[in-house]
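Here's a quick briefing to read with the model open. Have a look around first, then come back for the details.

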Amino acid sequence: MRVLIVEDELRMASLIRRGLVEEGLAVDVARTGEDALWMAPASEYDAIVLDVMLPGISGFETCRRLRTKGIWAPVLMLTARDSVEDRVTGLDMGADDYVVKPFAFAELLARLRALVRRGDPERPSVLEVDDLKLDPATRRVWRGSSEIKLSNKEFAVLETFMRRPDEVLTRLHLLEHAWDFAYDNKSNIVDVYIRHLRRKIDQPFGRASIETVRGAGYRLRTDSGA
Ligand code: CA
């Protein structure tokens, strides 16, 4: 297993590096996002540990550009603040998980292993609910014949709904299925994503397919008023 660490602070970088090497992993270190952008395509990394605070382009921007280049190695972001906005930004930019500084090395290692273990999923079939269509393999979504651009996490939330049409899904269910790690159940991150999704898959089409079920959660209706 080969890991790329992107971190400009030498002490932090060498701390993580030493810990991962002790675990038997091969490790390279990039000091800037710009360096990461040429290093990542040059080796087959199993995971990338990416600090948000970097000189030059930020960790968020680095992640976005890595994905644009077709680098799909799991990305674990290191953030300095535990804020919902930071998490949403990181996940929207294509990161898979994050750890808040200061962190216990054991936590970083556990998150990293979980990301790598996921591996490549088999090609799943296209999901259809009403005139919504979602292709998990190509990560494309359509309402009727209109393609809709979704961020990675918006996509994950919609996919969770489309696998259980007409069922009331709790916030916890959505958290567990669209994220691979435990968020505080009181987090409003699910509601943030529901708002984003409604703006993209419903409002432009005059629909109301994602229904709020008071006190219970949300439901994707199979009859959204087409
Ligand atoms: Ca840094």
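At what angle do helix 1 and helix 5 pack, and how far apart are their axes? In this predicted model, the angle is about 60° and the axes sit 11 Å apart. That makes helix 1 oblique to helix 5, because only angles of 65 to 115 degrees count as roughly perpendicular.

**Helix 1 against helix 5**

- Helix 1 covers residues 10-22, while helix 5 covers residues 105-118.
- The crossing of helix 1 past helix 5 is right-handed.
- From helix 1, the residues making contact are I16, G19 and L20; they meet F105, L108, L109 and L112 of helix 5.
- Sorted by class, that contact has six nonpolar residues, one polar residue and no charged ones.

**The two domains**

- The protein chain splits into domain 1, running over 2-118, and domain 2, running over 127-220.
- Going by C-alpha atoms, the centres of domain 1 and domain 2 are 27 Å apart.

**Where the domains touch**

- The size of an interface is often given as the accessible area lost when the parts come together.
- Here, domain 1 and domain 2 bury about 1,000 Å² between them, and carbon and sulfur atoms make up 57% of that.
- On the domain 1 side, V88, L91 and D92 lose the most area to domain 2; together they account for 43% of what that side buries.
- Counting residues instead, eleven from domain 1 are in contact with eleven from domain 2.

Methods. Residues numbered from 1 in each chain as written. Predicted model: local features only at pLDDT ≥ 70, side-chain atom pairs only at ≥ 80, totals over all residues. Heavy atoms only, no water. Axes fitted to C-alpha atoms, helices over the stretch in contact; angles between N-to-C directions. Helix = DSSP H or I, 4+ residues; strand = E, 2+ residues; numbered from the N terminus. Parallel < 35°, antiparallel > 145°, perpendicular 65-115°, else oblique. Left-handed = near helix turned anticlockwise from the far one by under 90°. Contact = heavy atoms within 4.5 Å. Nonpolar A, V, L, I, M, F, W, Y, C, P; charged D, E, K, R; others polar. Domains from an automatic or database assignment. Buried area = accessible area lost by both parts, 1.4 Å probe.
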